[in-house]
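Welcome! Here are some exercises with worked solutions. Take a look at the sequence and the structure first.

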Amino acid sequence: MTEKKRFASVWDAIEDTPQEAASMRARSDLMMNLAEVIRQQGMTQAQAASLFGVTQPRISDLMRGKVNLFSLDTLIDMAATSGMGPTVKVSRPKAAPAKRAVRRVAAPA
């Protein structure tokens, strides 16, 4: 029987390294937020393309979630252009549990 693994996100499950998973998480989050802003503002893909200085097919790729076609830099630039306030949040690594010191009891003499 196969062992079931649990992952924090789909990216952790499908990417080869934690670094790749982190990049994909950040890019997909930015893309979903950008697509939502475009929808909420009622922009056509052509209008969004004009705003961001890209082609309409590029906006189509964004709206369809083609994460692998976008860099973090590009998505952050687009988010800032749209009026969003993109930020990078970094968390510290979880500390390893402290090892307890072994108490040695002196043997009776």
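**Getting oriented**

From the N terminus on, the elements of the protein run α-α-α-α-α. This is a predicted model, where local features need pLDDT of at least 70, side-chain atom pairs count only at pLDDT 80 or more, and totals for chains, interfaces and linings use all residues. Residues are numbered from 1 along each chain as its sequence is written, and side-chain values use heavy atoms, with hydrogens and water left out.

**Exercise 1.** Find how many helices and strands the protein has.

*Solution.* Helices (H or I, at least four residues) and strands (E, at least two) are DSSP runs, numbered from the N terminus. The protein has five helices and zero strands.

**Exercise 2.** Describe how helix H3 and helix H4 cross.

*Solution.* Start with the axes, which are lines fitted to C-alpha atoms over the stretch in contact, with angles from 0 to 180 degrees between N-to-C directions. Those of H3 (residues 45–52) and H4 (residues 56–63) come within 8 Å and cross at roughly 105 degrees. The two helices are therefore roughly perpendicular to each other (65 to 115 degrees). Next, look at the contact (heavy atoms within 4.5 Å): H3 contributes Gln45, Ala46, Ala48, Ala49 and Phe52, while H4 contributes Gln56, Ile59, Ser60 and Met63.

**Exercise 3.** Work out which residues of helix H5 are buried.

*Solution.* Buried means under 20% relative accessible area and exposed over 50%, with a 1.4 Å probe and protein chains only. In H5 (residues 72–81), Leu75, Met78 and Ala79 are buried. On the face turned away from the buried side of H5, Asp73 and Asp77 are exposed. Finally, the cover over the buried residues of H5 includes helix H2 (18–40), H3 and H4.

How values were computed:
Parallel < 35°, antiparallel > 145°, perpendicular 65-115°, else oblique.
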